[in-house]
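Notebook open, structure loaded. I'm jotting down what I look up as I go.

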There are 2 protein chains.
Amino acid sequence: MGTEYFAGLDLGGTFLKYALGTADGKILKKGKRPSRADESQADVFSVMFDAIAELQQEASKRKGDLVAIGVGSPGAIDFDKGRLIGSTPNIACWANADIRGKIADKFHLPVWADNDANIMAFAESRQGAAKGCRNVICTTLGTGIGGGIIIDGELYRGTNYAGTEIGHMMIVHDGLPCNCGGRGCFEKYASAPAMVRHYVSLLTESGKKVPKNVSTLTIFQKAAEGQSEANAAIDITLGYLGTGFASLVNIFNPELLVVGGGVADAGDDFIARIHRAIKKRAMKPVLKGFKVVRAILGNDAGFVGGIRLAAEMLHK
Amino acid sequence: MGTEYFAGLDLGGTFLKYALGTADGKILKKGKRPSRADESQADVFSVMFDAIAELQQEASKRKGDLVAIGVGSPGAIDFDKGRLIGSTPNIACWANADIRGKIADKFHLPVWADNDANIMAFAESRQGAAKGCRNVICTTLGTGIGGGIIIDGELYRGTNYAGTEIGHMMIVHDGLPCNCGGRGCFEKYASAPAMVRHYVSLLTESGKKVPKNVSTLTIFQKAAEGQSEANAAIDITLGYLGTGFASLVNIFNPELLVVGGGVADAGDDFIARIHRAIKKRAMKPVLKGFKVVRAILGNDAGFVGGIRLAAEMLHK
C-alpha cells in the first residue's frame with residue numbers, strides 16, 4: 001500500500017470545493033465544480049462522486065491511496081451518522097441527505113461529515129490561526145454569524161449536534177425578529193446585512209441618497225474617504241460585535257477568538273477594533289491573555305478541515 | 001486502613017457549611033459554623049481547620065480515615081493550584097487565599113478547591129438533578145445569576161478558570177451598567193434584585209405605595225393574591241430569563257437546564273414558566289429533548305460537591 005491520502009469536500013450553495021491532501025494537511029491538488037444545489041439531491045451527489053473519482057485518480061498517479069473522505073456541508077449534521085438532520089435553507093434539495101451512506105456505498109471508503117462552520121473551526125484549530133490552542137471560538141462574519149467552538153482541543157457539537165449557534169445568541173432583548181424564531185439575535189445586528197441596514201438608515205436620516213447595491217465593501221470604502229455615515233455604521237456594528245463577543249468571552253473564557261468570513265476581509269485594523277470593542281465590555285479575568293485574530297485559511301478552510309477530520313477520525 | 005471518608009467544605013460570606021461523606025456522596029455528619037469572613041484570612045482558615053478536625057474525629061469514631069478534602073469557595077479559583085485568583089467581592093479578606101496550601105500544610109491530606117457555582121453544578125451532575133447527563137447548564141437565580149457548565153460529563157472551567165459567567169452575558173445591548181464593567185448583563189435584568197426593581201417601578205407607575213423590604217417572596221405572594229403589578233413583574237423577569245437561557249441553549253444545545261437558588265424556590269410552576277419562556281425564543285433543533293428542572297440538593301450542594309470532587313480527583 002502506498003502513501004495515505006485524504007479527500008476534503010466543501011459543499012456550498014454555488015460550488016463544491018475539494019482537494020486531496022496528506023494526514024498533516026498538505027494540499028496536493030484542489031478543484032472546484034458547480035454544486036448543482038438548485039437541482040436534485042442525486043445531482044449534488046453525482047458532483048461529489050466525480051470530484052472524489054478525480055482525487056482518487058490523482059492519488060493513484062502519486063502511487064498512493066485515497067483512504068478516507070471528510071465532508072463539510074451547511075446544516076445540522078448528525079456527526080455519528082454522517083447525515084443531515086432536517087433541512088438547510090441554502091440548499092433546498094439537501095434535506096436529510098445521507099452523506100456518509102451515499103458516498104461510502106459508491107467508494108467503499110470511510111466517510112465523515114460535519115457542519116461547515118465546525119469544519120472551518122477544526123481547520124483553523126489544526127493548521128490555521130488557532131493551531132495549538134485549547135479553547136477557541138471561531139466565527140465567520142458574513143451574511144450571518146456562524147461559529148464553531150473548540151473546547152480542550154476538540155469540536156463541541158452539542159447534544160443534538162445543533163449547538164454553537166452563536167449568531168442566535170440574543171443581544172437585544174425583544175429586538176428585531178429573526179428567522180430562527182427568536183428576537184434580537186446577534187447576527188441580526190452585527191452581520192454584513194446588519195451593517196448595511198445601519199448605514200442605509202443613517203443615510204436616510206441625513207437625507208442623503210442611498211446608493212444601489214450597498215455592501216460592507218462600499219461602507220469601508222466610504223469610511224476611508226471620511227464619510228461620517230459610513231464611519232458611524234461601522235462603529236454601531238462594532239458596538240454590537242463587542243456586546244456579542246464579550247458575552248461569549250465571559251461565558252467561555254477562551255484563549256482566542258478567530259474571525260473569518262467576508263467582513264473580516266476589511267483587514268487587520270477592523271480585527272483590532274473588534275478586540276477593543278470586546279475589551280471595553282468583557283470582565284477583566286477572562287481578558288488575561290485573550291487574543292483576537294483573523295482566520296488564515298480563507299476559502300481553503302472547508303477542504304483542509306475535511307482532510308484533517310478524516311485523517312484524525314481514521315486514526316483515532 | 002479503614003473506610004475512606006471525604007470532607008466537603010462550602011464557604012459562604014456568613015457560614016462555613018461542612019460534611020463528612022463517602023466517595024459516593026452519602027453524608028454521615030454535617031455541620032455549620034460562622035465563617036468569620038469579615039475578620040482576617042487566618043480567622044477563616046481557623047474556622048476551616050476546626051471543621052476539618054471535627055470531621056476527622058468523626059471519621060476515626062467510625063473506624064475510618066479522612067483521606068481527602070474538597071472546598072467550594074466564592075471567586076475565581078485556579079483549579080490546578082487550589083487557590084483564589086485575585087479577590088472576591090463577598091469576602092474581602094479572601095483575596096489570593098491559598099486554600100490547598102494552607103489546609104494541606106495543616107492536615108497533610110490532598111485538597112481540591114473550586115468555585116462554588118462549579119461545585120454546585122458538579123454536585124447536581126453527580127447525584128442531583130443532572131445525574132447521568134452529558135451536557136448541562138446549572139444556574140442559581142438569586143442576588144446574581146451564577147452558573148456551572150458540564151460538558152461531556154465534566155466541569156468546563158475556561159482557560160483562566162474564569163469562565164461560565166453566564167450572569168454576565170449581555171442581553172440588552174448598551175443597557176444598564178453592571179459591576180462587572182459590562183452593560184445590560186443577564187443578572188442585571190433577571191436576578192432577584194432585578195425582579196424587585198421591575199416590581200417597584202410598576203408600583204410607582206401605578207401610583208401605589210411601595211412596601212418596605214420587598215423580596216421575590218413578597219412578589220410571588222402578591223401575585224398569588226392577584227395583584228397585577230406583581231404578576232407583571234414576574235412576567236417581565238420571565239421574559240428576560242427566556243432571552244438569556246434561550247441564548248445559552250442555542251449556543252450549548254444542552255440536554256438539561258438545572259435551576260437552583262432562592263428564586264427557584266418559587267416552585268415547580270415557576271420552573272415550568274421558565275421552560276415556556278425558553279421554548280418561545282430558542283431554535284427548534286436545540287429544543288429536542290431539552291428539559292428544565294429544579295436543583296434538588298439545595299443547601300447541601302456545596303459540601304456534597306466538595307466530597308464528590310475530592311473523591312473523584314483522588315481516584316483519577
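I started at the end of α2(A), where His108(A), just after the helix, takes a positive phi of about 50°. Helices here are DSSP runs of H or I with at least four residues, strands are E runs of at least two, and both are numbered from the N terminus.

Housekeeping: this is a predicted model, with local features needing pLDDT of at least 70 and side-chain atom pairs counting only at pLDDT 80 or more, while totals for chains, interfaces and linings use all residues. Residues are numbered from 1 along each chain as its sequence is written, and chains are lettered from A in the order in which they are written.

Back to α2 (residues 99-107) of chain A: which residues are buried? I get Ile99(A), Arg100(A) and Ile103(A), with buried meaning 20 or more other C-beta atoms within 10 Å of the residue's own, C-beta atoms being placed from the backbone.

Next, the two chains. I superposed A on B with a rotation of 180° and 0.0 Å of shift along the axis, RMSD 0.1 Å (least squares on C-alpha atoms of residues with pLDDT of at least 70 in both). That is the relation of a two-fold axis.

The contact takes 45 residues from chain A and 45 residues from chain B, counting pairs whose backbone-placed C-beta atoms lie within 7 Å. On chain A's side, α7(A) gives the most, with eight residues.

Notes:
Contact = placed C-beta atoms within 7 Å. Buried ≥ 20, exposed ≤ 12 C-beta atoms within 10 Å, placed from the backbone.
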